[in-house]
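Open the model in your viewer and keep the selection panel at hand. The tour moves from one selection to the next and says what to look for at each stop.

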Amino acid sequence: MTVEGGMAATAIPDDLAEEVGSPGAGAALTTAAVGGLLLGVLTNLAQGWLPGAWNQLANSGAVWSAAAFVAGALLAERGTALRAVTAGLCAEVGLVVGYYGYAEFGRDGMGSLYFPLVWLGMACVAGPLFGVAAHAWRHGTRAWSRIAGLAAFAGLFGMEGAMYARVLHYMPQAWACGTVFVLLPLLLARTHRERALTLAAAVPCALLAYAIVELPLRTLSA
């Protein structure tokens, strides 16, 4: 705080000033929402384009959560966690709206609101979670935060691979998800040490995601 001419002036950090209602923040969040909306339409279309069991990947929770991770990584340019959280939320909600909106107006209708509401509820959890995971990976000043953020994202593909192998017995798709599970730490971590630690941390993340996401979804689908 400084005092000039008997009046006190409080300096506001640039990143906080931009965070609160700035045009730049609004444009970034709109971009995240529109990008998610378009990806939702694309994944709906891809279910008809991809052959056989490969169309499962278009409806994959890991692929859907990638929207939040990418939004958090690309749109939190000033390093603010709140921006990444909100961008992830906007991207995931936009994706659900795009997917089921196209099902309703571009196909034969989405039917019951049950699953749209289930996925919308999951989007409100996964969006902020993977938005902030991307923020931790890209802007983390400590190795453990970068490792945790990237491991959480990679773990989703490990979860999908386990589900394809154990439940659906779609082995080509399981191998594809397993390959992404390994490549994400190898390609996106900063050092050899972080690559090894991220890959090791992604294994329990995959098991945790399977327990708290895949098993409840199977129960809801029963």
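**Stop 1: the cysteines**

Select Cys-124. This residue is partly exposed, because its relative accessible area of 43% lies between the 20% and 50% limits. Now jump to Cys-177. With 4% relative accessibility, Cys-177 is buried.

**Stop 2: the whole chain**

Zoom out. This is a predicted model. Starting at the N terminus, the order is β-β-α-α-α-α-α-α-α-α. The chain has 222 residues, and 39% of them count as buried. Now think about contacts with a sequence separation of 6 or more: 72% of them join residues 24 or more positions apart.

**Stop 3: helix 2 and Asn-44**

Select residues 23-49, which make up helix 2, and find Asn-44 within them. Is Asn-44 buried or exposed? The relative accessibility is 3%, so Asn-44 counts as buried. Show what surrounds the side chain. Beyond its neighbours within four places in sequence, Asn-44 contacts Tyr-99, Tyr-102, Ala-103 and Arg-107. Keep Tyr-99 on screen for the next stop.

**Stop 4: the aromatic cluster**

Show the aromatic rings. The structure holds seven aromatic pairs. Select Trp-64 and Trp-119 to see one. Their ring centres are 5.2 Å apart and their planes meet at 55°, so this pair is tilted. Trp-64 belongs to helix 3 (residues 61-75) and Trp-119 to helix 5 (residues 114-139), so the pair ties together parts 55 residues apart in sequence. Trp-64 is buried at 3% relative accessible area, and Trp-119 is buried at 15%.

Now view the four residues together: ring pairs link Trp-64, Tyr-99, Tyr-100 and Trp-119 into a cluster.

**Stop 5: the nonpolar cores**

Select Phe-69, Phe-130, Phe-153, Leu-156, Phe-157 and Phe-181. The largest nonpolar core has 28 residues, and these six touch the most other members. Which elements give two or more residues to this core? They are helix 3, helix 5, helix 6, helix 7 and helix 8. Helix 6 gives the most, with nine residues.

Centre on Phe-181. Leaving out residues up to four places away in sequence, Phe-181 touches Ala-154, Gly-155, Phe-157, Gly-158, Leu-199, Ala-202, Val-203 and Ala-206. Then look for a second, separate core. That core has 17 residues, among them Ala-32, Ala-91, Val-118 and Ala-123.

**Stop 6**

Select residues 143-168 for helix 6. His-169 follows helix 6, and its phi is positive, near 60°.

Go back inside the helix to Gly-149. At 4% relative accessibility, Gly-149 counts as buried. Which residues does Gly-149 contact, leaving aside its neighbours within four places in sequence? They are Phe-69, Ala-133, Ala-136 and Trp-137. Now label the C-alpha distance from Gly-149 to Thr-198. The two atoms are separated by 8.9 Å, although the residues are 49 apart along the chain.

**Stop 7: helix 7**

Finish with residues 171-188, the 18 residues of helix 7. From first C-alpha to last, helix 7 reaches 26 Å, close to the 26 Å expected at 1.5 Å a residue. Pick out its buried residues: Gln-173, Ala-174, Cys-177, Phe-181, Leu-184 and Pro-185. Check the spacing as you go. An α-helix has 3.6 residues a turn, so residues three or four places apart point the same way. What do the buried residues of helix 7 pack against? Show helix 6 (143-168) and helix 8 (192-221): those are the partners.

Definitions and conventions. Residues are numbered from 1 along each chain as its sequence is written. This is a predicted model: local features need pLDDT of at least 70, side-chain atom pairs count only at pLDDT 80 or more; totals for chains, interfaces and linings use all residues. Side-chain values use heavy atoms; hydrogens and water are left out. Helices (H or I, at least four residues) and strands (E, at least two) are DSSP runs, numbered from the N terminus. The expected span of a helix is 1.5 Å times one less than its number of residues. Buried means under 20% relative accessible area, exposed over 50%, partly exposed in between (1.4 Å probe, protein chains only). Contact means heavy atoms within 4.5 Å. Rings of Phe, Tyr and Trp (its six-membered ring) pair if their centres lie within 6.5 Å; planes under 30 degrees apart count as stacked, over 60 as edge-to-face and the rest as tilted. A nonpolar core is a set of buried Ala, Val, Leu, Ile, Met, Phe, Trp, Tyr and Cys residues joined through side-chain atoms within 4.5 Å.
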